[in-house]
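Here's a quick briefing on the fold you're about to look at. Have the viewer open and follow along.

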Amino acid sequence: MKTFYLVGICSLFILASCKTEPKKAEEEQREPEKTVPELIADAHGYQNWKNVEEITFTFNVDRDSMHFERHWDWKPKLNEITFSSGADTLTYNKADMDSVAYKTNSGFINDRYWLLAPFNLMWDANNYTFEHTAEAKAPISNETMQKLTIVYKNEGGYTPGDAYDFYFKDDHLIREWTYRKSNQPEPSLSSTWEDYTTMGGLQLAKQRSRPDSGTNLYFTGLSVKTE
């Protein structure tokens, strides 16, 4: 009886060891938890960006009786951009820009950021620091949301030292944001992110309302061509 008891105990130990080994292996293979910037980018379809061959959009601003627009056609795999506004048209490659293209490209960087800021969280990942706040009051709706604050480094780029506050809910889609020049405490501007549409697996917000300024910023002519 004693021998049987000991053998039984040993058998149970061996079985228990065998059962725990796959669990340990599973834990070792588990992917690291994603950061908040990664979660926001993914919520907007960043995982599908690799399939985008061409994206076109028109950046519009209405202020009082004034209307301003710039149209862009971007082929990211070729690094080719076509700009048009009124009678002006320019096609250039980002790998080979002259002074005219460089000046035009600053407008493209601005307009693209307004449209694709969630993806810039990935493209600019090495150029900013970030902080996540679990509960914060959104600047326009005054709703309680989560907040991601990013502050760009002081050297290089198109927005050195500037800060952005992204306000979002549990789905990680941006609802509002604030831009703070030179990381100053007071907002330089705030706007909504609304009227989302899905194109090519991307979640794109077409409307940026700024009720305190009388300015309406929005996107038209949106199209996404994928592989």
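This is a predicted model, so local features need pLDDT of at least 70 and side-chain atom pairs count only at pLDDT 80 or more, while totals for chains, interfaces and linings use all residues. Residues are numbered from 1 along each chain as its sequence is written, and side-chain values use heavy atoms, with hydrogens and water left out.

**The core**

- The largest nonpolar core has 42 residues, and Ile150 and Phe166 have the most contacts inside it. Such a core is a set of buried Ala, Val, Leu, Ile, Met, Phe, Trp, Tyr and Cys residues joined through side-chain atoms within 4.5 Å.
- Helices (H or I, at least four residues) and strands (E, at least two) are DSSP runs, numbered from the N terminus.
- Leaving aside residues up to four places away in sequence, Ile150 touches Tyr113, Leu121, Tyr128, Thr129, Phe130, Asp162, Ala163, Tyr164 and Phe166; contact here means heavy atoms within 4.5 Å.

- Strand S7 (residues 163-168) is largely enclosed by the rest of the structure, because 6 of its 6 residues are buried. Buried means under 20% relative accessible area, exposed over 50%, and partly exposed in between (1.4 Å probe, protein chains only).
- Both faces of S7 are covered, with Ala163, Asp165 and Tyr167 buried on one side and Tyr164, Phe166 and Phe168 buried on the other.
- On one pairing, S7 runs antiparallel to strand S6 (residues 144-152) over 6 bridges, and Thr149 has Asp165 as its bridge partner in S7. Two strands pair if DSSP finds at least two bridges between them.
- S7 also pairs with strand S8 (residues 174-180), again in the antiparallel sense over 6 bridges; Tyr167 has Glu176 as its bridge partner in S8.
- The S7 and S8 hairpin has 5 residues between the strands, and His172 takes a positive phi near 65 degrees there.

**Helix H3, bent**

- H3 bends by about 95 degrees at Leu116, with a proline, Pro118, following within four residues. The bend is the angle between axes fitted to the seven residues ending at a position and the seven starting there.
- With 25 residues, H3 has end C-alpha atoms only 24 Å apart, short of the 36 Å that a straight helix would reach at 1.5 Å a residue.

**Helix H2**

- Glu38 lies in helix H2 (residues 36-43) and is partly exposed, with a relative accessible area of 30%.
- Glu38 and Phe119 are 81 residues apart along the chain, yet their C-alpha atoms are separated by 8.9 Å.

How values were computed:
Expected span 1.5 Å × (residues − 1).
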